[in-house]
There are 2 protein chains.
Amino acid sequence: MRRHITGFSNPRVKHWRSLRDKKHRRRAGEFLVEGLRLLEDARESGRLPRELIMAEGRDPHPLVVQLEQAVAAAGGTILTTTPDILAKVTGKSNAQSVLGVFEEWETDLARLKPADAPLWLAAQDLRDPGNLGTMLRTCDAVGAGGLILVGDCADPFSAEAVRASMGACFTVGLARANWEEFLGWTRAGGAQLVAASLRDAVPYRGAPYAAPCVILVGNESRGLPDVYEAECDLRVTMPMRGRADSLNAAVAGAVLAYEVLASLENATPAK
Amino acid sequence: MRRHITGFSNPRVKHWRSLRDKKHRRRAGEFLVEGLRLLEDARESGRLPRELIMAEGRDPHPLVVQLEQAVAAAGGTILTTTPDILAKVTGKSNAQSVLGVFEEWETDLARLKPADAPLWLAAQDLRDPGNLGTMLRTCDAVGAGGLILVGDCADPFSAEAVRASMGACFTVGLARANWEEFLGWTRAGGAQLVAASLRDAVPYRGAPYAAPCVILVGNESRGLPDVYEAECDLRVTMPMRGRADSLNAAVAGAVLAYEVLASLENATPAK
């Protein structure tokens, strides 16, 4: 099915535009993916958009043609529209010339099991979608089982999170849970819960990490609540040589993740 | 000196608003800092704004009062205005209630010497101001001598970079240079230039790092040009267990920086 849309007031245009808003995404169960590169990442990961929206009149890139065929074969809709409408939908004056509407997927924690991977990342009340996407990308790099969003985190289906993930959102396990569900999941799965902390902590290098290890990062401004920190099995501290006492949340998670990865691969015996 | 401004068309309002644009910042040699927390960071670092702009009619925070006194004592200007004008200046509907106009400082590489610190971060064509600010924050945390921006990088005086640095922009050494100047600086200073690389590289853990060590991170999309990589003294590779072959630039820089920090402190003999 192929359609051409030219009017700003077309209901599809209004719908797509509404998907920039978290509330509308959640209601529709859909989100937007901008640009050929991310759409290719999605396709390689076995995910195709329900709707593929292309700027009219452009010399089509061979990969766009392949994508179009794949979407059509899967029963999706192909639409062409004006660059102005694409710009309105994405909110960018220099919009990408191709856009996909994807179905959101399940983010139920019960689908994941700690034993499925030696290493996991988790974030509590992480508010910045860029940090969220960066953590997904780090999960991919360290071979983590996935990212668990605890509490009131940014929306992993926002355009900024998807973009910052550089396609990792399509491949890395993703779950959302409240604190009790998350804690129960780590305990039932025999996982070690590790937090970066300033109190009652051991140096992060050489700490007795044990698989499956879940690295928990707190909110960008407030860090982890004390009561959450106290529930962790291991509190580790990283050198802070300057005037500040914390790192960017995604950076802290990545430095710890690479340390745990090296530690587990060396099979360092627990101290 | 204290003034009250109520008109949107006031030339000061137009000037402040223009400072959201890189070209205008450079011409004026001034930049904006939003929010009490960052302004306090600046003051603690010995930097005060030329102009301090506050929303009228607010019950002043004791720290704002102190800041106001310090700015006045240093010959700066105190201005009050409406929340609407503050919102217009910052481009945010929910603007911070206090704003400072700072003089940009020198970013000449010659002011810094490799021997002044065991560790430095450098970024080539880094385009994302958030990444830039995050790298400044990492510099602070690892006690690096500073961040050197090589080539066509984002503006370190943009609001986003300043915000992401969490105040590290006021304390961490900062320089801008082209590739030849940068390379000459490392060579003349006897520094070891280290790049994350996929080719001809040794594992990043246990690599023969030597102080002063300069970690160089490439552009977010393209990485380092081959010819720049070839000029580096040491190319190191980090595990990539997923489908992607790279990390977020600020994350890669931080993981390497913490590795180098640990390596130098253990005084690991060069292999």
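In the predicted model, Asp125(A) is buried, because 22 other C-beta atoms lie within 10 Å, and a residue counts as buried when 20 or more do. Asp125(A) is found in the loop between β6 and α6 of chain A, where, although it is not a glycine, it adopts a positive phi of about 50°. Met166(A), which is likewise not a glycine, also has a positive phi of about 50°; its place is in the loop between α7 (159–164) and β8 of chain A, and it is buried, with 22 other C-beta atoms within 10 Å. A further backbone feature of chain A concerns the peptide bond from Ala211(A) to Pro212(A), which is cis, with omega near -10°, and Pro212(A) belongs to the loop between β10 and β11 of chain A. In chain B, a cis peptide bond joins Ala211(B) and Pro212(B), with omega at about -10°, and Pro212(B) is placed in the loop between β10 (202–203) and β11 (213–217) of that chain.

As a whole, chain A comprises 10 helices and 12 strands, and its C-alpha atoms fill a box of roughly 65 × 35 × 30 Å along the principal axes. Of the 271 residues in chain A, 48% are buried. Among contacts in chain A with a separation of 6 or more, 79% are made by residues 24 or more positions apart.

Chain A is divided into domain 1, covering residues 2–103, and domain 2, covering residues 109–265. Taken over C-alpha atoms, the centres of domain 1 and domain 2 of chain A are separated by 32 Å, and the contact takes 12 residues from domain 1 and eight residues from domain 2. On the side of domain 1 of chain A that touches domain 2, the elements giving two or more residues are α2 (22–28), β2 and α3 (36–44) of chain A; the largest share, four residues, comes from β2(A).

Strand β2 of chain A, residues 30–34, also pairs with β5(A) in the antiparallel sense over five bridges, and in this pairing Glu30(A) stands opposite Glu103(A) of β5(A). Strand β3 of chain A, residues 51–55, runs antiparallel to β5(A) and is joined to it by four bridges, with Ile53(A) opposite Leu99(A). Strand β5 of chain A itself, residues 98–103, is mostly covered, five of its six residues being buried.

A further group of strands in chain A forms an open sheet of seven members in the order β8-β7-β6-β11-β9-β12-β10, with parallel pairing. The edge strands are β8 and β10 (202–203) of chain A, each of which pairs on one side only. Within this sheet, β9(A) and strand β12 of chain A, residues 234–237, pair in the parallel sense over three bridges, and Ala195(A) stands opposite Arg235(A) in β12(A). Helix α6 of chain A, residues 129–142, lies across β6 and β7 of chain A and runs at about 170° to β6(A).

Helix α8 of chain A, residues 179–188, has Phe182(A), Trp185(A) and Thr186(A) as its buried residues. Seen down the axis of α8(A), these buried residues fall within an arc of 95°, so they line one face of the helix. The face turned away from the buried side of α8(A) carries the exposed residues Glu180(A) and Ala188(A). The buried residues of α8(A) are covered by elements including β6 (119–124), β7 (146–150), β8 (173–177), β9 (192–196) and β11 (213–217) of chain A. Just after α8(A), Gly190(A) takes a positive phi of about 65°.

Strand β11 of chain A contains Cys213(A), which is buried, with 26 other C-beta atoms within 10 Å. Leaving aside residues up to four places away in sequence, Cys213(A) touches Pro118(A), Leu119(A), Ala191(A), Gln192(A), Val194(A), Val260(A) and Leu264(A). From C-alpha to C-alpha, Cys213(A) and Asp140(A) are 16 Å apart in space and 73 residues apart in sequence.

With regard to the two copies, chain B is superposed on chain A by a rotation of 180° with 0.0 Å of shift along its axis, at an RMSD of 0.0 Å. That is the relation of a two-fold axis. Because 100% of the interface residues of chain B are also interface residues in chain A, the copies meet through the same surface.

Notes
Residues numbered from 1 in each chain as written. Chains lettered and ligands numbered in written order. Predicted model: local features only at pLDDT ≥ 70, side-chain atom pairs only at ≥ 80, totals over all residues. Buried ≥ 20, exposed ≤ 12 C-beta atoms within 10 Å, placed from the backbone. Pairing = 2+ DSSP bridges. Least-squares fit on C-alpha atoms with pLDDT ≥ 70 in both. Contact = placed C-beta atoms within 7 Å. Arc of directions from axis to C-beta. Axes fitted to C-alpha atoms, helices over the stretch in contact; angles between N-to-C directions. Domains from an automatic or database assignment.
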